[in-house]
Amino acid sequence: MKIFAIESSCDESAIALLEIEKGKIKILKNIISSQINIHQQYGGIVPEVAARAHCENFFPILKESKINIKNVDYIAVTYGPGLITSLMIGVELAKTLSYVYKKPLIPINHIEAHIYSNWLSHPELFSKKTFPALAVVVSGGHTNIFLMKNYGKYQLIGNTVDDAVGEAYDKVAKILNLGYPGGPIISKKAERYQGLDLSSHLKKGDKDDLNFPRPMMHTKNFDMSFSGLKTAVLYKAQAEKKWTEQKINQYCFSFQNAVVDVLTHKIIKAAQKYKVKNILLGGGVSANQELRNILKIKADQLGIKTYFPELKHTGDNAAMIAITGYFNRANAKKNNFSLMADANLKL
Ligand code: KG4
Ligand code: ZN
């Protein structure tokens, strides 16, 4: 079975072609046209600029891919959540291709796709034994902990009450004048910090840590907050008299320590409460090596397995939309003209 997929929820115009035969996955094409260079000059994503860039990007990448849509079985497209103007471009393109080539169209939830990105590289997840699992989506728009009871069965058990974790990375990078997107830059600088000690999260009171707050870390539920942490960085930075390279690296190191402490603490607590066997991480922030390392160490101690997508599948891409299409192919419809982008789609 071949699935062609389109992703345009934010600032990446992406298409992919996936072949699945008897549980064996082949990613035949996976093309991303990134708009990062355009948005860098604004320090963040400008929705109208993103939508215009999607319009410019899709036809060239379609042509370059040489994908013959006549030969595919399904078309899958992200219809939410995300920026409405960006989503609309992908949805209308998919509806048009589906109509012209008479192919059934599968609507895809972007958050679910970040979870299923793990199935692209870990065939053992196809086993029924995967469930119940904890599925955690950490991205620029979401910080969600789901109890995943089976394919397509999610219970949201933890959420951010304010900023998403990736958003906090981006805002802190802006405060420290480091550019956009913040995640990759901050994590590199944190690594460069001389005092880096991988196990600093596992013992209390690293002397090099600026000890930024860990908001809501010890509340009983699994909700999180990252906006107070960002404000704490802002106030400390405003009072800072002398900036050196090392000082900036220390801010990045300490901010990341706080983020990783809170996230791994909440994830592990939830995993214990719901007695899951597997933890699946997904989304742009799941590229973070420190988060992966610490989560794995803590989960290993409890005999819980951790799964992370390959780095190339952590950020927005269409291969994850295609694999999600595979699991949702029962929702496919021909002539689905009424499909509309939904910026606030929930999982
Ligand atoms: O999943 P994604 O590409 O888009 C959304 O669906 O939001 O996530 C983008 C987010 C950005 O906030 C970016 O700063 C963050 O992922 N990010 C990272 C890293 N790489 C990207 N955050 C922390 N560490 C990273 N290595
Ligand atoms: Zn995403």
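The legends below describe close-up views of a predicted model. Residues are numbered from 1 along each chain as its sequence is written, while chains are lettered from A and ligands numbered from 1 in the order in which they are written. Because the model is predicted, local features need pLDDT of at least 70 and side-chain atom pairs count only at pLDDT 80 or more, whereas totals for chains, interfaces and linings use all residues, and side-chain values use heavy atoms, with hydrogens and water left out.

**View 1. The shell of residues around ligand 1.** Of the 20 residues around ligand 1, those that come nearest are G140, D170, G183, G284 and N288, where a residue is near if one of its heavy atoms lies within 4 Å. The shell divides into five nonpolar, 13 polar and two charged residues, with Gly counted among the polar ones.

**View 2. Polar contacts of ligand 1, which are pairs of N or O atoms within 3.5 Å.** An oxygen atom of ligand 1 lies 2.9 Å from a polar backbone atom of G284, and a nitrogen atom of the ligand is 3.0 Å from an N or O atom in the side chain of N288. A polar side-chain atom of H110 is found 3.3 Å from an oxygen atom of ligand 1.

**View 3. Strand β7 beside β8.**

How values were computed: Polar contact = N/O pair within 3.5 Å; in protein donor to acceptor, adjacent residues only side chain to side chain. Pairing = 2+ DSSP bridges. Helix = DSSP H or I, 4+ residues; strand = E, 2+ residues; numbered from the N terminus.
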